[in-house]
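User: I have a chain open here and I'd like to go through it with you. Can we start with how the strands are joined?

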Amino acid sequence: MQEEIFKTKSASIAQCELTDSFYLTFDQEEIAFKLCDLFTFRKKIMAFDIVELLESSAPDIEVVHLPHCDRFLLLSLHEILQFRELLNGTFDTLALNSAIHKILRKNVFNF
């Protein structure tokens with residue numbers, strides 16, 4: 001069973017506790033990630049220099065190799081910005097969830 005973590009207009013990320021996987025739904029495709037692969041993917045997306053991409057005369061398409069398979073994504077500058085929003089929202093939600101669980105554990109076991 002997948003539970004949606006964060007969603008934008010163009011993509012979403014869900015988590016499956018049974019498989020310990022995260023599922024990115026983008027462009028009518030679903031791509032599975034383990035947590036370490038999702039971190040790697042986020043690092044790649046965040047590494048793009050947006051100012052350089054805007055000032056460049058090169059095409060505004062970037063190739064992003066997925067860390068866990070032989071697939072890749074061709075992303076426009078707009079899609080890169082959308083992925084940044086999606087990944088930041090996802091990791092913020094995961095951090096908030098972790099903080100809540102930590103507080104609950106602390107309060108439950110400290111009578």
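Predicted model: local features only at pLDDT ≥ 70, side-chain atom pairs only at ≥ 80, totals over all residues.

User: In what sense do strand 1 and strand 2 pair, and over how many bridges?

Analyst: Strand 1, residues 2-7, and strand 2, residues 11-16, pair in the antiparallel sense, with five bridges.

User: And what stands opposite Lys-7?

Analyst: Ser-12, which belongs to strand 2.

User: Let me step back. How many helices and strands are there in the chain?

Analyst: The chain has three helices and six strands. Along the sequence the pattern reads β-β-β-β-α-α-β-β-α.

User: What box do the C-alpha atoms fill?

Analyst: Taken along the principal axes, the box is roughly 65 × 30 × 25 Å.

User: And what percentage of the residues is buried?

Analyst: Of the 111 residues in the chain, 32% are buried.

User: Back to hairpins. What joins strand 5 to strand 6?

Analyst: A hairpin again, through six residues. Strand 5 and strand 6 pair in the antiparallel sense, over five bridges. Within this pairing, Val-63 of strand 5 has Leu-74 in strand 6 as its bridge partner.

User: Is Val-63 buried, exposed or partly exposed?

Analyst: Val-63 counts as partly exposed because its relative accessibility is 43%.

User: Which residues form the nonpolar patch on the surface?

Analyst: Ile-61, Val-63, Phe-72 and Leu-74. Together they have about 370 Å² of accessible area. Strand 5 and strand 6 each supply at least two residues of that patch.

User: Now charges. How many salt bridges does a search of the whole structure find?

Analyst: One. It is formed by the side chains of Arg-71 and Glu-29, at 2.1 Å from N to O.

User: Where do Arg-71 and Glu-29 lie?

Analyst: Arg-71 is in the loop between strand 5 (61-65) and strand 6 (72-76), while Glu-29 is in strand 4 (residues 29-33). The pair therefore ties together parts that are 42 residues apart in sequence.

User: Change of topic. What is the phi of Asp-20?

Analyst: About 55°, a positive value, although Asp-20 is not a glycine. For background, most residues other than glycine have a negative phi.

User: And the phi of Asp-27?

Analyst: Near 55°, also a positive value in a residue other than glycine.

User: Where are the two of them?

Analyst: Both are in loops. Asp-20 is found between strand 2 and strand 3 (21-26), and Asp-27 between strand 3 and strand 4.

User: Buried or exposed?

Analyst: Asp-20 counts as exposed because its relative accessibility is 57%. Asp-27 is exposed too, with a relative accessible area of 58%.

User: How much space lies in the largest pocket?

Analyst: About 280 Å³. The lining includes Met-1, Glu-3, Ile-5, Cys-16, Phe-22, Leu-94 and Asn-97.

User: Which elements give two or more residues to the lining?

Analyst: Strand 1, strand 2 and helix 3.

User: Helix 3 comes up there. Where is Gly-89, and is it buried or exposed?

Analyst: Gly-89 is in helix 3. Gly-89 counts as buried because its relative accessibility is 11%.

User: How far apart are Gly-89 and Thr-8?

Analyst: They are 81 residues apart in sequence, and their C-alpha atoms are 9.1 Å apart in space.

Conventions:
Residues numbered from 1 in each chain as written. Heavy atoms only, no water. Salt bridge = Lys/Arg side-chain N within 4 Å of Asp/Glu carboxyl O. Helix = DSSP H or I, 4+ residues; strand = E, 2+ residues; numbered from the N terminus. Patch = residues over 30% accessible without salt bridge, like charges linked within 9 Å, V, L, I, M, F, W, Y side chains within 5 Å. Areas by Shrake-Rupley, 256 points an atom, 1.4 Å probe, with all protein chains shown as cover. Buried < 20%, exposed > 50% of the residue type's maximum accessible area, 1.4 Å probe, protein only. Pairing = 2+ DSSP bridges. 1 Å grid on protein atoms, 1.4 Å probe; cavity = no way out; pocket = protein on both sides within 12 Å on 5 of 7 lines; lining within 4 Å. Points joined across faces, edges and corners; volume = space filled by probe spheres on them.
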